[in-house]
Structures are given as C-alpha cells and as structure tokens.
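Work through the exercises below with the structure in view. Each task is followed by a solution in steps.

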Amino acid sequence: MRLDKKVVLITGAGGGIGQAAVRKFVSEGAKVMLADIGTESTQPLVDELGSDNCACVAVDVTQADQVENMVRATVDTFGGIDVFVANAGTEGKIGSIIDTDVSNLDNVLAVNVRGVWLGLHYVIPVMRDGGGGSIMITSSGAGVQGSPNTASYNTSKHAVIGLMRCAALECAQFGIRVNTVNPGAVETRMMASIEDGFAEAGAGDFRSMVEAVTPLGRYGQPDEIANMMVFLGSDDSSYCTGSVYMVDGGNAT
C-alpha cells in the first residue's frame, strides 16, 4: 500500500471529493483525520471505515484557533502529519461583478484563501519537525481560466496557486512538497449548486456549456480527483513540487 502508516489530514472531508479522498487514502493504508465545518457528514464515514483508520474533527477553516486545534487534534490522535489536503472550499454566489455584493467576495476568499493559508501556517511546522511530507491544495479549472459570473470563485482559485508556489519554494528545504490539484467540473454538491446558480441568474445551462468545451465530453467523478491526490501524497510523486495538476477532462487545453 502506497501510504502505509502515513497520517493524512483532509479539510472539506465531508464533501464529494473529500469523502472519495478519505476512502482512497484509507484503502492505501493511511490514517486519516477528517475535518469539516461539522461532523454530521464525517462521523458516519469514520463509523464505516473504523476508528483505527480515521477520526474526525469540526473546524471553521477561517478561524485561526480552530485550525490550530484541528492540527493539534491530528497530532494527538495519530502522532504527526505526513500529508495535508487543503480541500475545504465554497463556490459563493453566481453573478456578474456588478450584480454581486462585495460580501460574496469576502466570504469566498475567507474560506478558499485564508483557510488554506491558515492550514499551511499550522501544518508546515509539524511536517518540518516530522522530516517532511506532501501538501496539496484543491484549486480548480477556474484557477487557470476566467469565466463570467464566477469572479469571486475564480479569483480565489487563482490565488491559491500563487500561495502554493510560494509555499513550495519555502518548504523544499524541509523535504515538504506542495502542489495544487485542479479539478474540472465534477459530480458533487458544489457543482449542482453552481448549475442552479447559473440557471437562477439566467446565465444558461452550465452543464451543457461545460460538456461542450470539454474534450472528454463529460463531468468527472470524485474518485478521479482522489486518484490524483493519492499520487501526490505518495512517494510516487517524490520529485513533484510547485506544480499545477489538472484533472479536468482536457478543458484547459
């Protein structure tokens, strides 16, 4: 197993991609801490996979004290952190820049950028002291392309690529690799919310638009994103850092 005895911390673990990642990491031998805004979506997964393999903690990733507690809980439970998946995110509201309130931007940046920065701030020292590790940030196809009506989300996902590149340079001396995983459209709650938002804003059929410009012609599945996360968390990617890994059906080509 590629992650035997490795300790993995995943934020946004209760979402579609998060849950798929948890299952994949456990199947590869890892011990996993599931972090999300509450435990309603994560405790059932812990019960299913077994408390020997995983545990869960509630965290608001925008709050420094809660992120620090999440990291401490992971170390106290499993003894360290070898892999950190900064996956928590929010899509915000769909609408043009002039038709959405600045509070939407503030909320999206708080979760998608501040939340990632706080995770790095508290996880990196633990990994450094443990001899290294792998960090991946969930960005998006929206992190490398612009699109109308999603400016707040796209801005946040562009931002974490810059954050990743800075962290990769700072952390290489500690044996810590840092990369982003950039999913395209994936069958998740978030994508359904985006579809609904486009419809409500009169911006058209989002799914049809995406499938029309995606060379593989379909949405991705959460497992397909989780497979990339496992690769980046394992020693198979030991010479990979500072990079953007697209899992988008060729949409950004």
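A salt bridge is a side-chain nitrogen of Lys or Arg within 4 Å of a carboxyl oxygen of Asp or Glu. The model used here is predicted.

**Exercise 1.** Decide whether Asp129 and Arg128 form a salt bridge, and classify the exposure of Asp129 and of Arg128.

Solution.
- The N to O distance between the two side chains is 3.0 Å. The cut-off is 4 Å, so Asp129 and Arg128 meet in a salt bridge.
- Exposed means over 50% relative accessible area, and buried means under 20%. Asp129 has 61% and is therefore exposed.
- Arg128 has 39%, so Arg128 is partly exposed.

**Exercise 2.** Which parts of the chain does the salt bridge of Arg207 and Glu187 tie together?

Solution.
- The side chains of Arg207 and Glu187 meet at 2.6 Å, N to O.
- Arg207 belongs to helix α7 (residues 206–213), while Glu187 sits in the loop between β6 and α6, so the pair ties together parts 20 residues apart in sequence.
- Arg207 also meets Glu195 in a salt bridge, at 3.9 Å. Because Glu195 lies in helix α6 and Arg207 in helix α7, this pair ties together parts twelve residues apart in sequence.
- Through shared partners, salt bridges join Glu187, Glu195, Arg207 and Glu211 into one network.

**Exercise 3.** In which sense do strands β2 and β3 pair, and what is the handedness of the crossover from β2 to β3?

Solution.
- β2 (residues 31–36) and β3 (residues 54–58) pair in the parallel sense, over five bridges.
- The chain passes from β2 through helix α2 (residues 43–49) to β3, and this β-α-β crossover is right-handed.

How values were computed. Residues numbered from 1 in each chain as written. Predicted model: local features only at pLDDT ≥ 70, side-chain atom pairs only at ≥ 80, totals over all residues. Heavy atoms only, no water. Pairing = 2+ DSSP bridges. Helix = DSSP H or I, 4+ residues; strand = E, 2+ residues; numbered from the N terminus. Right-handed = clockwise from strand over helix to strand, strands pointing away. Buried < 20%, exposed > 50% of the residue type's maximum accessible area, 1.4 Å probe, protein only.
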